[in-house]
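The following exercises concern one protein structure. Please study the sequence and the model before reading each solution.

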Amino acid sequence: MRQAPADADWMAVAIALSRRGRPASAPNPNVGCLIVNNGLVVARGWTQPGGRPHAEAMALTAAGGAAHGATAYVTLEPCAHASPRGPACSDALIAAGIARVVIAAQDPDPRTDGKGIARLQAAGIEVVFNVLPAEARAAMAPWWTRQVEGRPFVTLKLATSLDGRIAMADGSSRWISGARARAHGHLERAQHQAILVGRGTLEADAPKLDVRLDGLEERSPKKLLLTSGKAPEGWAAVASPEAVADVDSLLVEGGAGAASAFLAADRVDRLLLYRAPILIGGGRPALGDIGLTDLGDAHGRWRLGDSRMLGSDRLDVYERIRII
């Protein structure tokens, strides 16, 4: 069906809602749903912690009778498979009398892939799909990466001086970045299921790796240690970047060795580069060998996605360019 002029605008709102469910919705996708009737928003929803209720179920409950004849904007194709935890969202939309469904991205899960759309159409509901699909996939990148590629979505954080140093020559690194940049780093922690450092960082800094922002303390991620040996109590050991399992999103936060290992394995999807306006000189570099043998191979790998000032520090966010 034809896309209406306002569809992209409403979908952008639904995508923003979907980010509220990340990472708490895991292992389910963080989906957003907006229900609009006669040009007015009558309900909104996003996937709740643990994956239930789904975004559509949350929105339909809030909408009640106002859902009849309305348009539902959903960031992922409504599920078509029933579960002991709840009915299929495609069936719930039909039962609520929704007249039109606008979908951002088709679900890659074979239990739904295309089936949700077909069920809605068979019930006489107008369906519009592929409205802001790239933006919707980006908002649910951890789940999407796990679903499609079978691995976690990895963010690498580097806090450096202008000359690319992460510590003084003696290893001291507190603090290279300022308070606002560090607060942003804690917000990033809250948006990931797990956080990883190398053995050297653990021994040098004894990091807590918790979230120290008011109201988000309970969002502290699982702590992983990149090591061939054992991990201390409260930590889980992983032997290699490829060995990280059971999480959709991972933040690699500490140590040139850990950062280099993930880059060498091409397991970094997003790079957070915090740069403080200082020069250190003969300090410790941010990276070691990442397996690069030809300078030409370094080009065309990263795309700048965001850039902003955090106090006196600059944050640049780069996304890995992957050709599928």
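**Exercise 1. Cysteines**

Is Cys89 buried or exposed?

*Solution.* The model is a predicted one: local features need pLDDT of at least 70, side-chain atom pairs count only at pLDDT 80 or more, and totals for chains, interfaces and linings use all residues. Residues are numbered from 1 along each chain as its sequence is written, and side-chain values use heavy atoms, with hydrogens and water left out.

Step 1. Buried means under 20% relative accessible area, exposed over 50%, and partly exposed in between (1.4 Å probe, protein chains only). Cys89 has a relative accessibility of 3% and therefore counts as buried.

Step 2. A disulfide is a pair of cysteine sulfur atoms within 2.5 Å. For Cys33, the nearest cysteine sulfur is that of Cys89, 8.4 Å away. Cys33 counts as buried, because its relative accessibility is 0%. For Cys89, the nearest cysteine sulfur belongs to Cys79, at 3.7 Å.

**Exercise 2. The sheet**

Determine the strand order of the open sheet of five strands.

*Solution.* Step 1. Strands (E, at least two residues) and helices (H or I, at least four) are DSSP runs, numbered from the N terminus. Two strands pair if DSSP finds at least two bridges between them.

Step 1. The order is β2-β1-β3-β4-β5, and the pairing is mixed. The strands β2 and β5 (126-129) form the edges, each pairing on one side only.

Step 2. Six bridges join β1 and β2 in the antiparallel sense. Within this pairing, Leu34 has Arg44 of β2 as its bridge partner.

Step 3. Axes are lines fitted to C-alpha atoms, for helices over the stretch in contact (heavy atoms within 4.5 Å), and angles run from 0 to 180 degrees between N-to-C directions. Helix α4 (residues 115-122) lies across β4 and β5 and runs at about 150 degrees to β5.

**Exercise 3. The nonpolar cores**

Which residues of the largest nonpolar core touch the most other members?

*Solution.* Step 1. A nonpolar core is a set of buried Ala, Val, Leu, Ile, Met, Phe, Trp, Tyr and Cys residues joined through side-chain atoms within 4.5 Å.

Step 1. The largest core holds 39 residues, and the members touching the most others are Met11, Ile35, Ile98 and Val101. Strand β4 contributes the largest share of this core, five residues. Apart from this core lies another, of 19 residues, including Val154 and Leu271.

Step 2. Beyond its neighbours within four places in sequence, Ile98 is in contact with Ile35, Leu60, Ala67, Ala70, Ala72, Leu93 and Ile125.

**Exercise 4. Backbone features**

Where do Asn38 and Leu209 lie, and which peptide bonds to Pro23 and Pro27 are cis?

*Solution.* Step 1. Asn38, in the loop between β1 and β2 (40-46), has a positive phi near 55 degrees. Asn38 counts as exposed, because its relative accessibility is 75%.

Step 1. Leu209, in the loop between α8 (199-205) and β9 (222-226), has a positive phi of about 60 degrees although it is not a glycine. Leu209 is buried, with a relative accessible area of 3%.

Step 2. The bond from Arg22 to Pro23 is cis, with omega near 5 degrees. The bond from Ala26 to Pro27 is also cis, with omega near 10 degrees. Pro23 lies in the loop between α1 (7-18) and β1 (32-37), and Pro27 lies in the loop between α1 and β1.
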